[in-house]
Amino acid sequence: MEKKLTVKEMLDKQPKHHLTIVLTILILGSMTLWSMAAISIPSTNEGGITIIRSILRSLADPNRDWLFTLRPIGIPRQMFETVSIAFLGTILGAILALPLAFVSSRNITGRLYSFIGILSVTLIRTFPVFVLGLMFVRVTGPGPFAGVMTIGLASIGMMTKLYVESIEDIDKGVIEALDATGANTLQKIRYGIIPQLSANFISNSIYRFEINVRNATILGLVGAGGIGSTLIWAMSAYRWKDAAAALWGIIIVVLVIEFISTRIRRKLASSD
Amino acid sequence: MKNNKPNPLTLLGRRLKNTSRKLTFRPKEAATPASADGATMNAAPLLSDKIKTTINKLTVQTKNVRTYTLFDGTTVLEPFSKTPLIFLILGTLSVISWNVTNINLFYLFSRFSNFFDILWRMTSPRWSYFSTAIGPMLDTIQMSFLGSLIGALLALPVAFLSASNITKNRFVLGSTRFMLSLIRTLPVLVYAAILTLAFGFGVFAGTIAIILFTFGILSKMMYENIETVDLGAYGAIEATGASKPKAFVTAIFPQIMPSYLSYSLYSFEINIRYAAILGYVGAGGIGLLFDDRMAWRRYQDVAILIIMLFVVVFTIENISRYLRKRLS
């Protein structure tokens with residue numbers, strides 16, 4: 001048995017992290033200096049402060065005519081369109097991600113195909129949502145349709161990644177047990193695979209829907225429908241009350257959807 | 001549902017629930033079909049319980065429900081599957097959204113070749129554009145680095161303020177959490193758009209937008225993490241006579257530091273992607289070039305931008321993933 005050490009000797013025996021800490025601080029410090037050099041802090045101008053103040057003031061007093069009307073220009077209609085874009089986009093993304101996820105799972109297709117699958121997903125993920133939006137506006141013309149396509153394609157990356165994780169976690173024992181009872185392939189998929197994956201898949205899709213609603217609120221900037229165009233238009237015209245109405249629309253809808261999504265996902269996680 | 005005495009049947013039922021076919025239980029001795037459920041209901045039944053009871057009643061009244069008899073003589077009903085209902089709701093919502101968003105499949109198929117046309121033109125990148133794009137790309141990295149760093153530093157104290165096991169004052173807890181969720185609702189791009197109006201176009205506005213975004217998400221991740229911290233060690237060190245701040249640093253910090261660093265790295269990873277589009281509203285970085293090149297239909301240049309972004313994101317993601325693995 002090892003001889004008992006005193007507290008001091010124990011402390012001395014601790015692994016030394018000095019080098020790592022010094023290195024980390026050096027790297028962080030030099031990167032900070034490098035970044036600071038690039039960012040010139042603008043001199044505080046009166047105009048900027050006035051603008052921030054008027055935005056904050058109009059947030060307390062938004063354009064109520066827009067906020068509570070069902071006319072096409074009103075915020076409720078626009079938010080409804082935004083959520084619709086996100087909803088259809090999520091469904092499209094979920095459907096497109098499903099086959100990709102099965103191809104990219106190592107325990108289903110093996111190393112080579114999973115590598116190809118993951119590579120293509122990474123390539124899709126590289127395109128910023130905005131660039132995809134601009135591309136689809138060229139394809140389908142401006143409007144919510146372009147937004148749906150954009151959101152659908154942009155969702156593939158993350159959804160595939162999350163799907164792959166749950167597919168690779170599959171408990172093969174269940175399938176072997178079904179094999180032993182004489183189940184055929186269809187029954188094996190129905191009773192062995194789908195119950196293991198469905199909760200995870202639904203939960204991931206709802207989570208992505210939440211993100212997509214946020215993404216859809218800004219797609220209007222490139223002309224792909226939703227509330228973004230109204231917001232930017234009002235802001236560039238310095239119409240703060242209208243902009244504030246749009247901001248409240250986004251805040252309320254995003255908060256409500258986040259709340260519902262968290263509730264459903266918690267329930268799905270606990271029923272596993 | 002709250003059940004005071006665990007019925008052996010419910011225990012068995014729970015175990016059976018985990019099998020692929022879900023089952024509900026109706027004890028043999030139960031006089032009325034729904035009483036098994038009704039007995040456990042409290043004085044003011046919840047709406048969800050009411051619905052469950054109604055569904056159970058309906059299930060029993062329907063004659064063609066499959067029943068199973070278990071080894072101990074209990075009859076078990078096959079429950080109604082919720083799947084058709086979910087599909088019905090999803091279908092209805094899809095149809096509504098379909099109409100709202102004016103989807104035109106014919107249009108899509110006839111013009112989808114344009115999409116591949118754009119992609120095809122991206123396959124021959126114009127390499128000379130690289131020298132023009134490298135500057136804004138570095139700006140993007142600097143913006144997201146500084147934004148993540150400052151945002152992460154600001155997030156830690158606020159995370160302590162909004163962790164329910166550290167802050168006991170309910171008012172402080174509620175107000176900080178509400179503020180955090182307000183900050184998180186608005187997209188980075190909206191912040192950037194507002195800030196460029198206030199501070200003028202350029203990297204500064206973008207950096208502030210990234211700081212706000214990082215602060216919002218990191219504070220939430222951290223307070224959820226802090227709430228899982230074991231406070232026993234804190235009490236133990238305090239009992240040895242250490243002062244409160246000292247006990248805090250020795251007991252709490254080592255527990256949250258690894259996840260704090262790992263979350264900060266993670267937010268740096270995602271910030272690069274966000275910083276890349278901020279230029280669209282004039283907040284500096286590579287986004288401005290994306291907008292410009294797309295508007296001029298110079299897809300060969302867009303390809304260069306995408307390749308650069310890919311290399312940067314890939315490198316940073318892998319370094320960060322390596323460091324995060326070391327941390328955990």
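Reply: Let us begin with packing: the buried residues of α12(A) pack against α5 (75–104), α11 and α13 (240–270) of chain A, together with α9 of chain B. This is a predicted model, in which local features need pLDDT of at least 70 and side-chain atom pairs count only at pLDDT 80 or more, while totals for chains, interfaces and linings use all residues. Residues are numbered from 1 along each chain as its sequence is written, and chains are lettered from A and ligands numbered from 1 in the order in which they are written.

Me: Which residues of helix α12 of chain A are buried?

Reply: A residue is buried if 20 or more other C-beta atoms, placed from the backbone, lie within 10 Å of its own. Helices are DSSP runs of H or I with at least four residues, numbered from the N terminus. In α12 (residues 228–236) of chain A, the buried residues are A:G228, A:T230, A:L231, A:I232, A:A234 and A:M235. After α12(A) comes A:Y238, with a positive phi near 55°.

Me: Why does A:S203 count as buried?

Reply: A:S203 is buried because 20 other C-beta atoms lie within 10 Å. Its place is in helix α11 (residues 185–219) of chain A. Two residues are in contact if their C-beta atoms lie within 7 Å. Leaving aside residues up to four places away in sequence, A:S203 touches A:R265, A:L268 and A:A269.

Me: How many residues of α8(A) are buried?

Reply: Eleven of the twelve residues of α8(A) are buried, so that helix is mostly covered. Among them are A:F130, A:L134 and A:F136. Just after α8(A), A:G141 has a positive phi of about 85°.

Me: At what angle do the axes of α10 and α12 of chain B cross?

Reply: Axes are lines fitted to C-alpha atoms, for helices over the stretch in contact, and angles run from 0 to 180 degrees between N-to-C directions. The axes of α10 (residues 203–226) and α12 (residues 244–278) of chain B come within 10 Å and cross at roughly 150°. The two helices are therefore roughly antiparallel (over 145 degrees).

Me: How many residues of chain B are in contact with chain A?

Reply: In chain B, 50 residues are in contact with 50 residues of chain A. Helix α9 (residues 188–199) of chain B supplies the largest share of the chain B side, seven residues.

Conventions. Parallel < 35°, antiparallel > 145°, perpendicular 65-115°, else oblique.
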